[in-house]
Amino acid sequence: MNDNKIPAVFSYIASRRNDMTLRENEIANFVLKNPEFIVNNTITNIANEVGVSETSINRFCKKIGYKGFQDFKIAMVQGSLYRDIQSDHTDAPQSLFVSMLSDYKKVLDNTFAMMKEESFIQIVKYIKESRQIYIFDNHSPLNIGKCLQQKLKTIGVDAIIINDWTSMKLYCSKCQNKDVFITFFNTMCSTAMIDALSNINQKSGRNIVITSYDSQKMAEVSDVKIVSADKLYIKNKDAFTDQMAFVFIIDLLFSYLLQDEDFMNEKKNSDAVFEIDQISNSYYFNM
């Protein structure tokens with residue numbers, strides 16, 4: 001293997017081999033020999049395959065510098081994407097038509113690989129218990145926040161959309177118990193943003209972050225964090241619309257809300273849903 005194709009996570013493993021226990025070395029050997037299995041499976045499946053406990057898997061991930069299995073898996077996915085990019089240059093030429101389809105599939109597949117079903121179940125729980133929902137979307141190309149707001153309205157869930165950082169800081173400072181903030185980030189999160197989001201935690205609000213830029217500081221202030229694959233990892237990145245993976249994430253979230261029968265029955269009996277036709281028509285005819 002060419003050195004420029006070795007993902008960083010493999011280097012981290014190699015640098016810690018001398019400090020690993022016998023069991024941790026067994027896990028390391030499995031990871032190095034089966035990277036695609038790691039990317040495409042849960043911690044439970046991996047533990048069963050290696051013959052160790054889930055605790056041992058998490059301990060291994062922390063030893064090589066990651067916060068836990070999920071952060072480790074994200075790094076593995078990014079390494080897999082990087083190898084795909086390198087191999088793309090040696091593959092037989094593809095038509096633009098096929099190449100663009102391949103890019104879409106790659107972004108969605110790798111976004112899915114980095115997600116946990118438990119995250120969506122937890123978000124549904126927070127929405128059901130919420131006093132007020134706020135959606136922060138700083139003028140994203142696809143107006144992701146507005147799209148989610150309209151979807152929620154069709155099932156009788158009201159949400160306030162926030163489009164500028166000054167207003168976001170104000171709402172964060174006035175957060176109340178059980179307020180839910182759903183924040184979309186397609187840029188690096190600054191220290192000021194982290195400080196504002198930490199106000200939500202301090203006031204018993206719920207902080208849901210959906211981002212294509214992961215960081216440990218963001219993880220520390222998030223109750224739920226969902227990371228999407230970035231378009232930088234694909235061949236036709238200049239033609240690819242930003243945040244397509246975000247559309248997939250909010251559609252998946254909305255599907256989980258729709259399948260919650262107790263929640264939907266409660267909303268069907270509320271006055272808010274009586275306006276569903278008007279809301280839907282207004283939204284789709286004014287796009």
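The model is predicted: local features need pLDDT of at least 70 and side-chain atom pairs pLDDT 80 or more, while totals for chains, interfaces and linings use all residues. Residues are numbered from 1 along each chain as its sequence is written, and side-chain values use heavy atoms, with hydrogens and water left out.

**Exercise 1. Describe the largest pocket: its volume, its central residues and its lining.**

Step 1. Its volume is about 630 Å³. A pocket is an open set of points on a 1 Å grid over the protein atoms alone, with protein on both sides within 12 Å along at least five of seven lines; lining residues have an atom within 4 Å of a point.

Step 2. Of the 25 lining residues, V39, K73, F112, A113 and M115 are closest to the centre.

Step 3. Two or more residues each come from α3 (35-39), α6, α7 (96-114), α8 and α13. Helices here are DSSP runs (H or I, at least four residues), numbered from the N terminus.

Step 4. Sort the lining by class: nine nonpolar, seven polar and nine charged. Asp, Glu, Lys and Arg count as charged; Ala, Val, Leu, Ile, Met, Phe, Trp, Tyr, Cys and Pro as nonpolar; the others, Gly among them, as polar.

**Exercise 2. Work out how α8 packs on α13.**

Step 1. The axes of α8 (residues 117-129) and α13 (residues 244-258) come within 9 Å and cross at roughly 60°. Axes are lines fitted to C-alpha atoms over the stretch in contact, with angles from 0 to 180 degrees between N-to-C directions.

Step 2. That angle makes α8 oblique to α13. Under 35 degrees counts as roughly parallel, over 145 as roughly antiparallel, 65 to 115 as roughly perpendicular, and the rest as oblique.

Step 3. List the contact (heavy atoms within 4.5 Å): E117, F120, I121, I123, V124 and I127 of α8 meet I249, L252, L253, Y256 and L257 of α13.

Step 4. This contact has 10 nonpolar, no polar and one charged residues.

**Exercise 3. Now try α10 and α11: how are their axes arranged?**

Step 1. The axes of α10 (residues 165-173) and α11 (residues 191-202) come within 8 Å and cross at roughly 30°.

Step 2. The two helices are therefore roughly parallel to each other.

Step 3. W165, M168, K169, C172 and S173 of α10 touch A192, M193, A196, L197, N199 and I200 of α11.

Step 4. By class, that contact has eight nonpolar, two polar and one charged residues.

Terms used. On a 1 Å grid over the protein atoms alone, a cavity is a set of points where a 1.4 Å probe fits but cannot get out, and a pocket is an open set with protein on both sides within 12 Å along at least five of seven lines; lining residues have an atom within 4 Å of a point. Grid points are joined across faces, edges and corners, and a volume is the space filled by probe spheres set on the points.
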